[in-house]
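I opened the model today to look up a few packing details. My notes follow in the order I took them.

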Amino acid sequence: MPPSRQPLPWPWIVLVVLAAALYLLGLNSPYAPTNGDEMVYIHIARMTAESGHWLPLQSELIGTRNTKPPLLIWQAVFASDWGQHWSLFALRLPSIVYTFATTALLAFFTHRISGKVRTACLAAALYLLYFSTFRYGRVYLTSAPETFWLALPMWWVLWLRSRGDSASADGRTPLGWPTYTLFGVAMGLGAAYKSFALVAPTAAAVWCAVLLTEPATRWRGVMRTTLGVTWSALIGIGIFALWFVLDPDPAAVWQEFVVAENAGKMSGGQGYWQAALFGAYPMWTQLLAYPANGGLLALVVLGFCWVAVSKAFQKTTYAQLAPAQWVLLAWLVVWLVVFTIPSQRSERYLIPAMPALAITMALAWERIAKAWFWATLLITVPALVMLARIAWVMGDMGITSTPELAMTLIAACAGLAGATAGFTYHSWVRNATLVACLAVYATFSLMVAPLSSSQADYSPAVQSQMQGQRVAVPNGFTGQYERFHFVLPGARITPYDAEGRNTGALYPEMASAERLNYLLVHFDAVVWLQDRLDQSEPSCVPPCQLLGSRWHVKSRHKGGEVTLNNLWYPQEWLFRHEWLVVKTAH
């Protein structure tokens with residue numbers, strides 16, 4: 001009698017589906033977790049689309065026109081149909097497609113290695129719950145495309161090794177020149193999204209993965225693998241170099257991208273080793289890159305790293321690793337080592353290796369000590385309580401409707417129930433940690449949803465009135481004024497520095513009331529932020545006319561604005577009014 005098939009682990013499948021659905025929730029929201037520079041590159045994409053030409057890239061921001069390769073910009077141009085459907089949802093949707101494709105691939109290979117659907121679902125859930133994925137895998141300024149493309153060579157090596165194709169009878173690797181050529185194409189497409197520098201860790205990881213999994217490495221095999229990987233790297237760099245060939249201004253590309261954006265990260269005012277040991281980006285911080293990318297799961301990732309390092313002292317453990325596991329190990333270690341070398345180090349550089357981390361963590365899940373999970377739950381509980389408190393205050397302030405508040409509180413309570421179960425039933429703590437992390441993301445997304453709805457924006461009549469008008473808008477960080485092109489479509493936007501820190505930022509030396517009046521003289525309308533908590537209307541009223549109001553969420557606070565005494569009262573430090581005012585007609 002044939003063995004009966006194992007039933008599908010439906011709770012795990014539901015967990016993955018919920019995590020994936022969470023990526024679509026609030027995709028159009030300006031409050032989605034993202035990089036602060038997202039609006040800079042949305043600005044470049046909009047300007048390029050308006051130019052009607054693929055190249056050169058366009059920007060009004062000095063020194064930013066060529067700081068990212070064109071494929072990222074072209075993706076936005078294509079997704080928005082040359083700006084005809086200009087929305088955050090359209091710009092971010094391709095990132096979701098890439099992230100889901102990577103998730104599907106890592107789930108497939110986890111199942112192939114482990115033979116268990118539950119483990120495959122666990123790997124997919126871990127990858128989607130890493131904060132690096134949630135932050136950079138669903139917004140426009142994304143790491144999802146290069147993660148997908150640069151992983152393809154590793155997936156192919158993993159496919160060969162997981163089915164036992166280590167080498168043929170004569171010791172020759174099954175990776176032929178056509179395969180290495182396709183590897184090069186994948187490297188080139190990944191580099192064309194971010195940087196030619198990414199070819200180095202990708203090629204090095206492939207080289208190590210192939211040689212570490214050969215049953216008997218000979219010099220001939222080493223040379224063949226080295227030549228093949230070198231060929232792949234040359235093709236990848238060659239594809240990236242097409243930018244210089246196609247761009248009408250290659251000198252600007254060289255200066256802004258190669259010299260300023262990339263070479264600048266390999267140098268500094270201090271000596272290399274002094275900066276590496278005592279500078280702003282010391283080497284030791286990069287050792288924590290994988291836990292940092294884990295976000296809420298940082299302690300669990302740290303627990304996995306402890307398991308991996310402790311096993312390193314047991315030679316028999318690593319000697320027993322399967323070829324597929326060696327591929328994953330090479331993937332993780334090579335990326336970590338390579339990006340410890342530059343003088344500027346960041347955990348974001350290791351995001352393309354996070355799929356390998358998700359798989360290896362899923363395979364070692366039961367060997368991670370429970371203490372790491374309990375510690376994680378101790379972090380998620382206050383996070384859920386604080387998010388629920390902010391949502392409650394938003395309800396009191398009239399920002400959130402009763403059904404919206406109820407949904408947010410349900411998500412928070414589900415996370416708190418999961419955390420309680422993890423502390424009560426010790427065997428549930430690992431699964432409860434995933435539920436609690438998912439609940440934190442869901443609570444946050446539901447909490448900010450009312451701020452992102454069409455009802456929270458200026459009315460269609462006001463938006464229509466502002467089309468073609470010169471509007472001065474606040475800009476607290478480089479390029480952030482670009483968000484007003486979504487808020488007031490068709491308006492002619494000019495930024496002023498809301499915090500008075502930038503040189504030439506439209507009269508920052510003036511007192512607040514005087515500055516507002518001065519801006520109203522020189523512009524058709526002004527978007528003004530509430531100066532004081534006790535202020536109920538702009539200081540220019542009644543000589544000016546208030547057209548509309550929105551809620552503004554403060555993201556940058558001065559010292560002393562948030563304290564233990566007022567932490568429980570977010571209405572005092574988190575929310576302010578944003579007013580749209582115009583001159584009163586005489």
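This is a predicted model: local features need pLDDT of at least 70, side-chain atom pairs count only at pLDDT 80 or more; totals for chains, interfaces and linings use all residues.

**Helix pair.** Helix α10 covers residues 219-246 and helix α11 covers residues 250-262. Their axes lie 7 Å apart, and the packing angle is about 130°.

Which residues meet between α10 and α11? From α10 I noted Phe240, Trp243 and Phe244. On the α11 side they meet Pro250, Val253, Trp254, Phe257 and Val258. I then sorted the residues of this contact by type: 8 are nonpolar, none polar and none charged.

**Cavity search.** Next I asked how many cavities of 30 Å³ or more the whole structure holds. The search returned 1. The largest cavity holds about 60 Å³ of space.

I wrote down what lines the largest cavity.

By type, the lining divides into 5 nonpolar and 6 polar residues, with no charged ones.

**Sheet.** I moved on to the open sheet of 5 strands. I read its order as β2-β1-β3-β5-β4, and the pairing is mixed. Which strands sit at the edges? They are β2 (492-496) and β4 (544-553), each pairing on one side only. Neighbouring strands are turned by 25° against each other on average, direction ignored.

I took a closer look at one strand pair. β4 pairs with β5 (residues 575-583) in the antiparallel sense, over 9 bridges. As a landmark I marked His552, which stands opposite Arg576 in β5.

**Helix on the sheet.** Last, I checked what α24 (residues 512-522) touches. This helix packs on the sheet and touches β1 (470-474), β2, β3 (525-529), β4 and β5. The direction of α24 makes about 160° with that of β3.

Terms used. Residues are numbered from 1 along each chain as its sequence is written. Side-chain values use heavy atoms; hydrogens and water are left out. Axes are lines fitted to C-alpha atoms, for helices over the stretch in contact, and angles run from 0 to 180 degrees between N-to-C directions. Helices (H or I, at least four residues) and strands (E, at least two) are DSSP runs, numbered from the N terminus. Contact means heavy atoms within 4.5 Å. Ala, Val, Leu, Ile, Met, Phe, Trp, Tyr, Cys and Pro count as nonpolar, Asp, Glu, Lys and Arg as charged, and the others, Gly among them, as polar. On a 1 Å grid over the protein atoms alone, a cavity is a set of points where a 1.4 Å probe fits but cannot get out, and a pocket is an open set with protein on both sides within 12 Å along at least five of seven lines; lining residues have an atom within 4 Å of a point. Grid points are joined across faces, edges and corners, and a volume is the space filled by probe spheres set on the points. Two strands pair if DSSP finds at least two bridges between them.
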